[in-house]
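Thanks, everyone. Let me put the model up, and then I will walk through it.

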Amino acid sequence: MTEPVIISLDEEVRLFTTNAEREKYNLLATLFGIIVSLDYLERAYVRDSVTAAEYSPACTRLLSQYKTMLKLVGEDVPSIEAFMGRYRMDHPAALHRIKVGVPATVEHSSEAGPETAKWVAETTQSFITFMDALKLRLRAKDQLHPLLQDLVTGYARFKGSKDWEGRSKMVGWLITLNGMKASEEITEEQSRQLLFDVDHAYAEFFRSLSGKEENS
């Protein structure tokens with residue numbers, strides 16, 4: 001006679017038995033969290049709990065993270081609707097933003113200044129892309145120079161940017177990279193300083209935008 005299987009209600013249920021399965025569920029959990037965060041952000045923006053200057057970079061970052069996660073989960077998520085249906089996610093604001101693909105400040109930009117909202121979103125994305133590249137340990141000139149060039153070009157479109165401390169530092173780094181061969185790499189110390197300078201410029205950029213909003 002077969003012995004009965006005794007199951008302890010206090011025992012943790014394991015969703016995985018291998019490292020590959022564990023990584024899969026970690027990725028799915030991260031995707032779940034991004035969708036929930038995006039939904040909260042959308043609702044906060046509609047209620048005026050966050051300003052446009054705060055909302056735009058946060059939304060752009062979440063959309064960028066969503067796109068990255070979608071590539072990583074691959075066939076496990078055939079569509080965002082299927083994923084949300086599988087886990088009974090009721091987050092219509094996040095689903096709409098994901099389908100649109102840009103922050104509401106760009107989607108609903110007024111005729112009086114549509115370019116400004118678009119530029120904020122594009123420049124924010126350039127900041128995020130470049131800082132992520134450094135965090136992923138990209139070090140060669142031919143990897144970093146095009147990204148930094150795009151960032152500085154977008155940054156320079158804003159009035160008053162010539163007076164921002166971050167611009168001169170980023171231009172200085174462009175000059176440094178220009179003087180290197182394509183295959184040459186910056187040092188670990190240079191990478192840390194570059195990330196610090198760009199992060200400082202990123203914060204300064206949004207402080208300036210917030211100041212304009214308050215004065216308008």
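First, the ground rules. This is a predicted model, so local features need pLDDT of at least 70, side-chain atom pairs count only at pLDDT 80 or more, and totals for chains, interfaces and linings use all residues. Residues are numbered from 1 along each chain as its sequence is written, and side-chain values use heavy atoms, with hydrogens and water left out. Helices are DSSP runs of H or I, at least four residues, numbered from the N terminus.

Now the cores. A nonpolar core here is a set of buried Ala, Val, Leu, Ile, Met, Phe, Trp, Tyr and Cys residues joined through side-chain atoms within 4.5 Å. Buried means under 20% relative accessible area, exposed means over 50%, and partly exposed is in between, with a 1.4 Å probe and protein chains only. The largest core has 28 residues. Those with the most contacts inside it are Phe127, Phe130, Leu148, Met170, Val198 and Phe205. The elements giving two or more residues to this core are α6 (114-135), α7 (141-155), α8 (165-178) and α9. Take Val198. Leaving aside neighbours within four places in sequence, Val198 is in contact (heavy atoms within 4.5 Å) with Phe127, Phe130, Met131, Leu151 and Met170. A second, separate core has 26 residues, including Ile34, Val50, Ala94 and Ala104.

On to helix α4, residues 92-100. Which of its residues are buried? Ala94, Leu95, Arg97 and Ile98. They sit on the same side of α4, because they cover an arc of only 165 degrees around the axis. That arc is taken from the directions from the helix axis to the C-beta atoms. Just after α4, Gly101 takes a positive phi of about 90 degrees.

Next, charged pairs. A salt bridge is a side-chain nitrogen of Lys or Arg within 4 Å of a carboxyl oxygen of Asp or Glu. The count comes to seven. Glu42 pairs with Arg97, with the closest N and O atoms 3.1 Å apart. This pair links distant parts of the chain: Glu42 is in helix α1 (residues 19-46), Arg97 in α4, 55 residues apart. Glu42 is buried at 6% relative accessible area, and Arg97 is buried at 2%. Glu81 meets Lys99 at 3.2 Å, N to O. Glu81 is in helix α3 (residues 80-86), and Lys99 in α4, 18 residues apart. Glu81 is partly exposed at 38%; Lys99 is exposed at 57%.

Beyond four places in sequence, Glu204 touches Tyr155, Trp164, Glu165 and Gly166.

Last, Thr60, in helix α2 (residues 52-73). Thr60 is buried, with a relative accessible area of 5%. Its side chain reaches the backbone oxygen of Ser56 at 2.8 Å. Not counting residues up to four places away in sequence, Thr60 touches Pro103, Ala121, Thr124, Gln125 and Ile128.

That is my tour. Comments, please.

How values were computed:
A polar contact is a pair of N or O atoms within 3.5 Å; within protein, one must be able to donate a hydrogen and the other to accept it, and residues adjacent in sequence count only if both atoms are side-chain atoms.
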